[in-house]
Amino acid sequence: MIDKILNSKRRIPYHILFWLAYLAVYTLMWGSYDEKYWEEFQQLLFLLPWKMIPTYITLYYLMPRFLYPKKTLQYVFLSILLAFAMGLIDRYMTWTYLYRWFYPEKQYWKTPILYLPKVFNSVIAVYTPVFVAMAIKLQLFYYKNDKINKQLEKEKVATELKFLKAQIHPHFLFNTLNSIYSLSLSQSKKTPEVVLGLSKFLDYMLYECNERFIPIGREWEQLMNLVALERIRYEDGLSINVSESIDDTDTLIPSLLLLPFVENAFKHGVDNEINDSWININLELVKNKLVFMVENSKSPIPAKEGLDTDKNIGLINVKRRLDLFFPERHELKILEEEDSFLVKLTLDLSAIPDVIQQENVA
């Protein structure tokens, strides 16, 4: 509703509507005492300039120059000076003209012009519309600022997500090229098959998953392509067990979100120091609740670099993406035992359609 008010093409500026509303309200309020609405309207109209002047000075000079930059003392001091100056002018105009025009029989002008209670009454009368206009202006100011900040934050998150996703490509490519290099050194006949599998996977990464969200069925299919590549590479040197249970393959998930977990398992789960290397991959999706587990064997010899170092950019990457995509809607558990390493990811995917709808509306 506020957006429509702010963005609509108004034939009558809002500040004119504000003053018309002011005249209407106070004419009805004061005129109802003696049923003298026309007289009250005339008086309000005569004194209106001394209310408009401090209002516009406050809205378009004092607030932008002192209040918004948080120069509070200067703002308060100048506002008090302005209030008393305009209050004195209002008192003078009332005492000099209105009392003689509308209340000659009551002889209000016999009260001294600088009678303090009357001056304060004039200050209050002058600053009533000023305070109302300030409240409206501040509300609009903070609303606009909040809207701008939310848009900037949204753009920042979108940019960061693109950057994080872009990091996956060279990281995966580097690891796979190392595998191809190893096969080529041994002149393995499987080298062409691995190259073909890599080209298919890169085609998916570069052209098919440009959308922020893709169906879980498609993501799982590409994970299995990765597993197939690794099976060719390791042959009987690695035992891979895979299981999945997906109730709806069209459920959306951030593209390439699960890949780093599988990559990490192959990187750390296969080692010459391990007699029987193994990797277990399990995916379950029931009513938008996803549970993804990857467990791998682990070398008894401690790794030289920890899992949070720069060389493990894949796992660091996915942690950040989870925080951006699923704040308070995910749980990531990493359990490290003496001979195994387990990653368990729990996701609530139910909010993704709403996120997409909001982005489309924006």
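Asn288 sits in the loop between strand E4 (277–286) and E5. Before you click on, keep in mind that this is a predicted model. With Asn288 selected, check its backbone: phi is near 70 degrees, a positive value in a residue other than glycine. Most residues other than glycine have a negative phi. Is Asn288 buried or exposed, or something in between? At 31% relative accessibility, Asn288 counts as partly exposed, because that value falls between the 20% and 50% cut-offs.

For a second case, jump to Lys70, in the loop between H4 and H5. Phi of Lys70 is near 65 degrees, again a positive value in a non-glycine residue. Lys70 is exposed, with a relative accessible area of 70%.

Now select Lys289, Arg329 and Asp348, and show their side chains. Side chains of opposite charge can pair when their charged atoms come close.

Begin with Asp348 and Lys289, whose side chains meet in a salt bridge at 3.2 Å, N to O. Here distant parts of the chain are linked: Asp348 belongs to strand E7 (residues 340–348) and Lys289 to strand E5 (residues 289–297), 59 residues apart. Asp348 is buried, with a relative accessible area of 14%, while Lys289 is partly exposed at 46%.

Next, look from Asp348 to Arg329: these side chains also meet in a salt bridge, at 2.8 Å from N to O. Arg329 lies in the loop between helix H10 (313–325) and strand E6 (330–336), and Asp348 is in strand E7, so this pair ties together parts that are 19 residues apart in sequence. Arg329 is partly exposed, with a relative accessible area of 36%.

## Stop three: a buried charged pair

How many salt bridges does a search of the whole structure find? It finds six. For another one of them, select Lys51 and Asp90, where the closest N and O atoms are 3.5 Å apart. This pair links distant parts of the chain too, with Lys51 in helix H4 (residues 49–67) and Asp90 in helix H5, 39 residues apart. Lys51 and Asp90 are both buried.

## Stop four: the nonpolar cores

Which residues have the most contacts inside the largest nonpolar core? Select Leu290 and Phe292: they hold that place in a core of 40 residues. Helix H8 gives the most to this core, with six residues. Apart from it lies another core, of 20 residues, among them Phe18, Met63, Phe66 and Met86.

Stay with Phe292 for a moment and show what surrounds it. Leaving out residues up to four places away in sequence, Phe292 touches several residues, including Trp220, Leu223, Leu258, Phe261 and Val343.

Now move to Glu219, which lies in helix H8 (residues 216–234). At 2% relative accessibility, Glu219 counts as buried. Beyond residues up to four places away in sequence, its contacts include Tyr204, Ile214, Pro254 and Leu259.

## Stop five: where two stretches meet

Click on Leu23, in helix H2. Leu23 counts as buried, at 8% relative accessibility. Draw a distance to Leu45: the two C-alpha atoms are separated by 7.4 Å, with the residues 22 apart along the chain. Leu23 touches Phe41, Leu44, Leu45 and Leu48, not counting residues up to four places away in sequence.

## Last stop: the largest pocket

Rolling a probe the size of a water molecule over the atoms shows where empty space is left. In the largest pocket, that space comes to about 920 Å³. To find the pocket, select Trp30, Glu40, Gln43, Thr94 and Tyr103, the closest to its centre of the 29 residues that line it.

Then colour the helices. Helix H2 (14–34), helix H3 (37–47), helix H5 (72–102) and helix H6 (116–185) each supply at least two residues of the lining. Which helix gives the most to that lining? H6 does, with seven residues.

Finally, colour the lining by residue type: it divides into 14 nonpolar, five polar and 10 charged residues.

Conventions. Residues are numbered from 1 along each chain as its sequence is written. This is a predicted model: local features need pLDDT of at least 70, side-chain atom pairs count only at pLDDT 80 or more; totals for chains, interfaces and linings use all residues. Side-chain values use heavy atoms; hydrogens and water are left out. Helices (H or I, at least four residues) and strands (E, at least two) are DSSP runs, numbered from the N terminus. Buried means under 20% relative accessible area, exposed over 50%, partly exposed in between (1.4 Å probe, protein chains only). Contact means heavy atoms within 4.5 Å. A nonpolar core is a set of buried Ala, Val, Leu, Ile, Met, Phe, Trp, Tyr and Cys residues joined through side-chain atoms within 4.5 Å. On a 1 Å grid over the protein atoms alone, a cavity is a set of points where a 1.4 Å probe fits but cannot get out, and a pocket is an open set with protein on both sides within 12 Å along at least five of seven lines; lining residues have an atom within 4 Å of a point. Grid points are joined across faces, edges and corners, and a volume is the space filled by probe spheres set on the points. Ala, Val, Leu, Ile, Met, Phe, Trp, Tyr, Cys and Pro count as nonpolar, Asp, Glu, Lys and Arg as charged, and the others, Gly among them, as polar. A salt bridge is a side-chain nitrogen of Lys or Arg within 4 Å of a carboxyl oxygen of Asp or Glu.
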